[in-house]
Amino acid sequence: MSYELIDVSIEAKVAILRIDRPRALNALCDQLVDEMTDALDGLESNPDVSALILTGGDEVFAAGADLKEMTGKTFVEVVAQNFSGCCHRLAKFELPVIAAVAGYALGGGCELVEMCDIVIAAESAKFGHPEISVGTMPGAGGTQRLPLAIGKHKAMDLLLSGRMMDAKEAELAGLVSRIVPREELLETARSVAQTVASYSRPVLKLLKQSILQAHAIPLSEGLAFERKLFQMTFGFDDRKEGMEAFIEKRKPRFLNR
Ligand code: CO8
């Protein structure tokens, strides 16, 4: 499979997957998610890869699910496709993943960050879950992994208001591992990834699996629960209105139905 919307490179046991769809602020359209899923399958089975860096552009990591593509989807379609608005394959990636985040990481973009293991953020990074403002809710872990990372009350504050938090707030809250100047972002991520990748590949897999196990059983149930509720929002007129209003650049008129 050749890739148009992502760029993948491998150097010294570290793979870098860069989301590269700048014209739509790296919104996660179906093609991009398919490309990421295919690349992750290949990287995971590549014995020359021991760690992965996931990054985006200078101004935006990823502005979430593609609202323009998503707006026409029906309840029946999203259930049939088990649609999540994100690349949920990343959550199952067996090797350590380091996120290198500059600019916006919103909605599905923030969920990608939440699926990563170490998060390096530039000072410009902004995290948030604006799904509520377009009449839906996270479908790929936002209501489950974010509270695990930053606690219930901080997560409620973000998810219910739709507001963004900057890198400093995200580091204090526990979503970000460390903040670096923009020009040092990739170098820092590379250095962290190289340290990780210098260790035993099978042991890294076990270590990651074991750390994730701390929350795995309730998380898997929570994720299935979340997916169903998220898909239910496609039965609401307000979900359609929210997404159409975004595309038409106007305030949504929610009718509570
Ligand atoms: N989808 C599609 N297109 C987008 C998206 C998006 N998420 N975000 C931005 N774009 C497009 C804009 O429409 C615009 O296109 P055009 O030039 O054709 O008008 C272009 O990118 C540039 O965007 P802006 O002009 O808005 O750029 P600004 O710098 O003014 O603002 C923001 C940047 C703040 C990031 C703003 O674009 C924004 O708020 N974007 C939407 C963010 C959002 O709501 N994300 C969450 C989406 S829902 C989700 O991720 C999870 C859904 C859960 C599962 C859902 C499944 C259905």
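## Salt bridges, a ligand site and a nonpolar patch

Aspartate 41 is partly exposed, with 39% relative accessible area. The model it belongs to is predicted. The side chain of aspartate 41 meets that of arginine 89 in a salt bridge, at 2.7 Å from N to O. This pair links distant parts of the chain. Aspartate 41 sits in helix H1, while arginine 89 sits in the loop between H3 and strand E5 (97-101). The two are 48 residues apart. Arginine 89 has a relative accessible area of 15%. Buried means under 20%, so arginine 89 counts as buried.

Helix H1 (residues 30-44) also holds aspartate 30. Its partner is lysine 73, and their side chains form a salt bridge of 3.2 Å, N to O. Lysine 73 lies in the loop between helix H2 (67-70) and H3, so the pair ties together parts that are 43 residues apart in sequence. Aspartate 30 is partly exposed at 31% relative accessible area. Lysine 73 is buried, at 8%.

A further salt bridge joins arginine 163 and aspartate 157. Arginine 163 is partly exposed, at 28% relative accessible area. Aspartate 157 is partly exposed too, at 33%. Both belong to a network of salt bridges that links Lys154, Asp157, Arg163 and Glu169. The model has 16 salt bridges by count. Three of them are set out here.

| Salt bridge | N to O distance |
|---|---|
| Aspartate 30 and lysine 73 | 3.2 Å |
| Aspartate 41 and arginine 89 | 2.7 Å |
| Arginine 163 and aspartate 157 | 2.8 Å |

Next comes the ligand. Which atoms of glycine 108 and leucine 67 lie 2.8 Å from the ligand? For glycine 108, a backbone N or O atom lies 2.8 Å from a ligand oxygen. For leucine 67, a backbone N or O atom lies 2.8 Å from a ligand nitrogen. Lysine 249 uses its side chain: a polar atom there lies 3.0 Å from a ligand oxygen. On its own, the ligand has 1,000 Å² of accessible area, and the protein covers 74% of it.

The surface carries a nonpolar patch. Its members are Phe75, Val76, Val79, Phe225, Leu229 and Met232. Together they have about 560 Å² of accessible area. Phenylalanine 75 lies in helix H3. With a relative accessible area of 40%, phenylalanine 75 is partly exposed.

Notes
Residues numbered from 1 in each chain as written. Predicted model: local features only at pLDDT ≥ 70, side-chain atom pairs only at ≥ 80, totals over all residues. Heavy atoms only, no water. Patch = residues over 30% accessible without salt bridge, like charges linked within 9 Å, V, L, I, M, F, W, Y side chains within 5 Å. Areas by Shrake-Rupley, 256 points an atom, 1.4 Å probe, with all protein chains shown as cover. Salt bridge = Lys/Arg side-chain N within 4 Å of Asp/Glu carboxyl O. Helix = DSSP H or I, 4+ residues; strand = E, 2+ residues; numbered from the N terminus. Buried < 20%, exposed > 50% of the residue type's maximum accessible area, 1.4 Å probe, protein only. Polar contact = N/O pair within 3.5 Å; in protein donor to acceptor, adjacent residues only side chain to side chain.
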